[in-house]
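I opened my notebook to look around this structure one piece at a time. Come along and check each entry against the picture.

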Amino acid sequence: MISIDGVTYSYGEGISALDGVDLEIGDSELLAIVGENGAGKTTLVKHLNGLLKPQRGRVIVEGIDTRETTVATLAKKVGLVFQNPDHMLFAETVEKELSFALVNFGLPPEEIAKRVEWALIEFRLSNYRDRSPFTLSGGEKKRVSLASVLCYDPQIIVLDEPTTGQDNLQKTRLASTLAKLNRQGKTVIVVTHDIEFVADFIPRVVVMSKGKVIADGPTEEILVREDVMDASSILPPQLAELSWKIGLSTPSINTEMIVEEIRQILRCDQK
Amino acid sequence: MKVFKAFEYRRGATILHRIDPRSKLVYLILFTSLVVYFTNPIALLIIFLSFLPMVYLGKISARWSQSLRGSLFFIVFIFIFNFAPTAYYSGSLLDAAVSAIAMSLRFLNLISVFSIFFLTTSPEDLTQSMVQLKIPYDYALTFNMAMRFVPTLSREAQYIMDAQRSRGLEMEKGNFISRIRNYVPVLIPLIISSFRRAELVADAMESRAFGASKKRTSLYVLKMGRGDFLFISAALGSALVLFTVNLLL
Amino acid sequence: MLPVMALAIIEVRGLSYTYPESDAPSLIDVNFRAEPGEFVLVTGPSGCGKTTFCRALNGLIPNSYGGDFKGTVMVDGLLTTSTPVYELAQRVGLVFQNPENELFCTTVEREVAFGPENLALPREEIAMRVEEALEIVGITHLKEKSPEELSGGEQQKVAIAALLAMKPKVLVLDEPTANLDPVSAKSVLELMHKLNKNGVTVILVEHRLEMISHLVDRCVVFEGGRVAADGPPREVLYSDKVSELGVGLPKVVQVSKRLSSLIGEPLRFLTPEELATYIRGMSY
């Protein structure tokens, strides 16, 4: 459970990166935070594990006020996976990379070995155990960075732009990993501007613009709202645009539903 | 990192910004030499006061004072480390104080003169003046790129620190040795990504015909004007006066 | 096909390439040709050889990288293996994935002037070219800024202007929008469309097919270092082969395909606009 309550944050220079953000995220939710660059998405997620502390308002994560604890404590509950794996990979081997956080959190060696083993298998990295992470391909590095956070089993997982530079197949795999984690009861938060990915795989969406939350709700309802899409200056999913252009009474982002709707329109006329 | 910010050039349209970098270089060298040469705290204080009109002319008072505040820690450090041993060995508190004050002022002056120079001189003008001073273009370009990538590097360092802290790294934990070791997970990604960046930048430069011709042209050429000769004369004159004052003190 | 074809601006024949210190080839027997003024979209899954292909087009491969290079790449009549990169740079401009790493000067103006300065052009000529390039790209107002202060989309436009100042005939862009938000991505892609209309040949590597496929003349799909498909976008994106490759097909293509089989009439739309117009036409 995360509750964000009137959070305001500014990096100086006068402009607020966050301007009175209220947001409730329940247990085992799967949601996306979308918005244009500079909307405040990254600033917001940095508040979830205490990298940033609210200048006004408060953030409560699993009952803990983030202002009253350290990043190291919160990091155990909230795993943040950053966009660029090159910003976190440093160890000589993939195995050591995966154990880094576990050692930091002071887990006993047997436990560390067990979890590393789990992560190697779960993320199809077993063959790379003794390889240097720097010699891996872009997609493999992304998996190592995700594994290195998931291996310490945080209750809440936040991914910043996980689809950047990923092809369609990699995106689909990522989506099924996220869905699986979510089924296991984890809260998964995806920060992205990949709107088609959100439309396809994420059930709840929070739209941010200029440091504010401007819409929040079920993805299939929010992403077809023309007013929200305009105000946030993100591009709508193609199917939403198609729905508007055809003039569907119930715009949709679901391929099946759209095909069905169109079929109905065409059928009617053939009669 | 704040200290670097205080030296970062911002565009401006003052007389000081328009003076040729080479003239400012003369000023920088003259006054740095004086600061290093002088030992009398009063003379050093006079030098310090001489910076005030410069700061006013260049409209850089906010950033200049920021650079001074940023270096406060070092000044206290310098003061204590000069005061304590001198007081102990000479036994005279007054001597110790005088020498410690002189050292602190010297440091303050160096910070000031460099901050005046860098705050009012754009990196590209500086690079161009290096080229015109017959420094090979490769070196001038390297210098220019270093200036360009300082903010990028510091931003990247911040990303990496965020990422590693999110994996439970506590930078301030442990004794001196383990604190240094705490920086390894930050430094390695930083170094590796800098190398990778260097390779990509090299590709980008080649793709823009770098090395096409031995003698490249420059879009802008710096020219010394009447203002520059006035500026250099004024710098020389005031240096001479300061030198004489120092002798008389 | 006519017996006499216009001279290709890019002609790649039997290109195979392996990076030094690598055992697997990145490109295998690639044949590719682009006519002057064409707009070619190149796509394919990660690691399919697109980036390597781009670097082979401006001679960085093999001239700067070394490695095992077989076959020929001709650009505007010049063989890349026997022409220095700086010579090729005046014909092919290469835009990279991350704009952060392709801008190395402290102002936009200097950045754009860098290429022409290297060519040792007269100062007036450089000034003119800089003005012109900034104007075409629409970033004259950013002239005095430092690349550091700009957004990703603006940085990418500076990179494009910096290449245009060398008056290349071809622009090759290697996933120029990978690090951009959708709105900036769209404006960069629209800029490419505009430059193409002005006569520049464009080779664009891109994942976001939904934004660009309707604007290109041809679509080439790479897979495992080989060219797996090559043709007009309406053929390539609707081919069975491409959907098997796991290329992310735009939603409109997916819907059109489904409708085609439902109504038994081949539909090949690329944009919501096209499909909507068709449906509106059918329903009246």
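Here are my entries on domains and on one helix.

**Entry 1: chain A.** I kept in mind that this is a predicted model. I looked up how chain A is divided, and found domain 1 (2-236) and domain 2 (237-271). Next I checked the centres of these two domains of chain A, taken over C-alpha atoms, and they are separated by 34 Å.

**Entry 2: chain B.** I turned to chain B and saw that its domain 1 is written in two stretches, 2-121 + 223-248, while its domain 2 covers 129-206. The C-alpha centres of these two domains of chain B are 29 Å apart.

**Entry 3: a helix in chain C.** I tested the length of helix α11 (residues 251-263) of chain C. Its 13 residues should span 18 Å at 1.5 Å a residue, and the end C-alpha atoms are 18 Å apart, so the two agree. I listed the buried residues of α11(C) too: C:K251, C:V252, C:V253, C:V255, C:S256, C:K257 and C:L259. Last, I looked just after α11(C), where C:G264 has a positive phi of about 65 degrees.

Methods: Residues numbered from 1 in each chain as written. Chains lettered and ligands numbered in written order. Predicted model: local features only at pLDDT ≥ 70, side-chain atom pairs only at ≥ 80, totals over all residues. Domains from an automatic or database assignment. Helix = DSSP H or I, 4+ residues; strand = E, 2+ residues; numbered from the N terminus. Expected span 1.5 Å × (residues − 1). Buried ≥ 20, exposed ≤ 12 C-beta atoms within 10 Å, placed from the backbone.
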